[in-house]
Amino acid sequence: MQNKGAILTFALLLAAVCLYQLTFTWKAQQIEKHAKEYAKGDPTLEYSYLDSISGEVVYNFLGLKKFTYKDVKELEINLGLDLKGGMNVTLEVSVADVIRALSNYSNDSTFNAALKRATELQRNSTQDFVTLFGQAFKEIDPNAQLAAIFNTLELKERVKFNSTNDEVLAVIRKETDAAIDNSFNVLRTRIDRFGVAQPNIQQLQTRGRILVELPGIDNPERVRKLLQGTAMLEFWETYENQEVYPYLLQANQRLREIASSAAATDTTAASQTAETAETAAADSSATAQSLLDELKSEAQKDSTGLDLENLENFRKEFPLFAVLQPSTDQSGNLFPGPIVGTAAAKDTAKVNEFLAKEQIRNLFPRNMLFRWTANSIDKGGNYFRLLALKATTRDGKAPLTGDVITDARQDYDQFGGRPEVAMAMNSEGAKTWARMTKENIGKSIAIVLDGYVRSFPTVQNEITGGRSSITGLESVEEATDLANILKSGKMPAPARIMQEEIVGPSLGKEAIASGMYSFVIAFFLVLGYMLFFYSRKAGLAANLALLANLFFLFGILASLGAVLTLPGIAGIVLTMGMAVDANVLIFERVQDEINAGKNLRLAITDGFKNAYSAIIDGQVTTILTGIVLYIFGSGPIKGFATTLIIGILTSLFTAIFITRMIFEWQLKHNKKITFTAKITANWMRNTRIKFLGNRRIAYFISGTLLTISLISFAVRGFNLGVDFQGGRTYTVRFDHEVKVGDVQKSLETVFGSAPEVKTFGSNDQVRITTKYKVEDMSDNVDNEVEQLLYKGLTDGGLLKSVTYDDFVSKYRMSSQKVGPTISDDIKRDAVIAVFFALVIIFLYILVRFSNWQYGLGGVLSLAHDAIVTLGIFSLFHGILPFSLEIDQAFIAAILTVIGYSINDTVIVFDRIREYLKIYPKRDIGATMDHAMNSTLRRTLNTSLTTWVVLLAIFLFGGASIRGFTFALLIGIGIGTYSSLFVATPIVYDVYRRTQKKAAKAE
């Protein structure tokens, strides 16, 4: 074995990296176990505990690097929402609304017709909305000019009367992109403040769509309001730090009194008016400096090692300043500006709680408000600043809001070329802005978005005319973000929920349990099978390689930050079955070499060498389909593709190199190695099956299956999931067994028509599907439908003494909503994915075998597998006692079957190619039969191990993936059949026909 040292070094380094990455998962679980013990079943207390240590160092790796709990959580293996519960939402920013706003809501008939037409075209197109709008506008009136519509007051500097349509579309695209980016940033900020562990938010490939994943959510109604609300942009005057500090001093004193004795609380002082508070603040100014000195003194003691007792005394003496550090320098002098303090992220809630107390609130002037900065002062996101805002209007609202902004863009100043933001306001806003800037020269104006301060520039002079610049920005990125934030006020671009999926926490726990149960069973089945079939020697080597494969697989998943989903666990289990394939190929080739009379060392060397081609060809085709699945899949399906691709790569490494190193070590120590058990030594060896001679029988069987499938397509159709037809699906569990008819009858009255109801798993659980108001995009429609579902089940007597909150958290196990636009996209992507998979496989086989007949035979056999699998789902839906829906998971199964089936087929083709070179004068039919017989043992072995592990998932993996694994079971069975009885016979017949035509032509 060449380069053994390099391979061993690489394996050890990879193992070290995987071990390092997996330690974070172990540490996170250890901390969370301690949190559960501390909380004693109280989820709020558990979350508070974990939140309080998020910025604290909890892991010191070998004394080399320290990690906070937040760092550890980011580096652990992430679980998908289907395993830990939560909410998955796809939102879409209405680009049509943005374009309508840019036109100042033009009434032009061509313009409005083009918007309507572009919306229709978007359903079946992959192009962005602006491009479709431009095409529709030209289609409706080729001579119409967009400049006449978009030459508005806000856009007149960029859109002239003589601007071409392409130039105007470029401006529109830039503006809509800014609106989408801003919506994304607004959503990200809201989610970061929502208090969810490991949230995920990302922009999808389709422009304007945003994916949000929120683990552990138990209040979807609140989330919908949070995600769909329009951004609130406000401009506030501010207090100076020196003005606010005396009030904070009084607040600290009052909190100390409240904490020491509730009975001694001065109720008259608690109702003190703001004017009295101001007088008291002036009287206490003399003591303010002494307190600052004391705080500084305590801080110095703390830095030199303040013991816990003194620290506790400090907290009792200064309850407010223990969580809010006043804005001072090292000498204890107050900083100028509106920042009144800094607090750790974990303490901001406590500061809010203190300042919201009625006794404390009454100490401050009525027009004083406190707001936190949106951005932290450190890169780790651990510390935030608190600002004091001044309400100057009678109603206490912001004097200026974002709707007065007409334009905002990132620019550069005239002098040093430093980034700034140029901002313009309408006439009404300009008047208010002039007054605000005139009265606040030398002070700050706070720009607040969704209740958090995004910027607080200092006013240099009075600004008239509504045009101003915000300077002092650190980077172009900061300036761009601020410009987008300012523009959010004039852009009516709320994000609407187009697709939604909710998984209850109890269902997530059940999914983990069932997934791990099936994983363990499948794992031991594979280990046992290899020991049984390939003897204790070779079988043990394969099992050690399999253990190394799983270790590397989980380590790489953790390193890449990949998400482990329930289909992902299925992918790992499937990988175990497929990982054995490489070992089976090698062991069979080694045994062939031994049977040919070679000694053990030479047989192992030649066996590995002769197996490489088939292994690589077979696994590459499967990887290609996995890549297609990753590109076109989403959510859990993408998790399945990720584990499948990584699993195949790690199985290649372990089967080819780790197994070889084990054998090298055994040979070095003169160990006896056997590659087959006595009981299985002659099983399927030296067979003489005439596959080609019986191909007409196979054609008849396949033709019959295809005909039945096509008839079923036409007569019975498919049970399309909401992924493909749009709608809402709810999985509801009851305290007792229910009848499907009773559930339908109960819901017919509230939905207007009977929904589709099916038993899902056990008889006390049903899946309800309805299209009720699925096209309604209003803010509260999802909550309304959920409440109607609860009302129908309650009025029908199926739920007794169950509150709505209990229903949402305990009885509604999961829900899914797919809008019609999203479902159209999913269908299109599914077709494209299958088409691309077939084309890529055809091209790969064409290149590798330099013969188009092989590619044609392979692709036609794959089409055969897909159609027959579809036919079984069409024929038996509603008959078998589990779901046979055609959804994204089914498409993932079809693509996996395609990858697996072509793996089998390519290995047969590879042996045919080898034998054609060895026996060039032999009849091609006899050579093909010989090749198929020689690979039959390997084909059935691999199929059997894969089928066994899939059967374990099917039986023990839970109801949610039973249809998915059933498709894999059927598909792999059909795929094994077609690789022997369809693919090669087609190649043979096409080759003979081509030869006959060539002979006639000559």
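Which residues of helix α16 (residues 348-356) are buried? In this predicted model, in which local features need pLDDT of at least 70 and side-chain atom pairs count only at pLDDT 80 or more, totals for chains, interfaces and linings use all residues. Residues are numbered from 1 along each chain as its sequence is written, and side-chain values use heavy atoms, with hydrogens and water left out.

The buried residues of α16 are Thr348, Val351, Phe354 and Leu355, where buried means under 20% relative accessible area, exposed over 50% and partly exposed in between (1.4 Å probe, protein chains only). Because these residues cover an arc of only 120 degrees around the axis, they lie on the same side of α16; the arc is that of the directions from the helix axis to the C-beta atoms. The face turned away from this buried side carries the exposed residues Ala349 and Ala356. The buried residues of α16 pack against α11 (241-260), β9 (339-344), α17 (358-361), β10 (368-372) and β11 (383-390), with helices (H or I, at least four residues) and strands (E, at least two) taken as DSSP runs numbered from the N terminus.

The structure also holds 44 aromatic pairs, for which rings of Phe, Tyr and Trp (its six-membered ring) pair if their centres lie within 6.5 Å, planes under 30 degrees apart counting as stacked, over 60 as edge-to-face and the rest as tilted. The rings of Phe608 and Phe663 have their centres 6.3 Å apart and their planes at 75 degrees, so this pair is edge-to-face. Since Phe608 belongs to helix α22 (residues 600-632) and Phe663 to helix α23 (residues 636-668), the pair ties together parts that are 55 residues apart in sequence. Phe608 and Phe663 are both buried. For Phe954 and Phe966, the ring centres are 6.1 Å apart and the planes stand at 40 degrees, so the pair is tilted; Phe954 and Phe966 are likewise buried.

Phe608 and Phe663 also belong to a cluster linked by ring pairs, together with Tyr529, Phe533, Tyr534, Phe587, Phe675 and Trp683. The charged end of Arg660 sits over the ring of Phe608, 5.0 Å from its centre, a charge being counted in this way if NZ of Lys or CZ of Arg is within 6 Å of the ring centre and within 35 degrees of the ring normal. Arg913 lies over the face of Phe849, at 4.3 Å from the ring centre.

The protein chain averages a pLDDT of 83, and 91% of the residues score at least 70, pLDDT being the predictor's confidence in each residue, from 0 to 100.

Notes:
Contact means heavy atoms within 4.5 Å.
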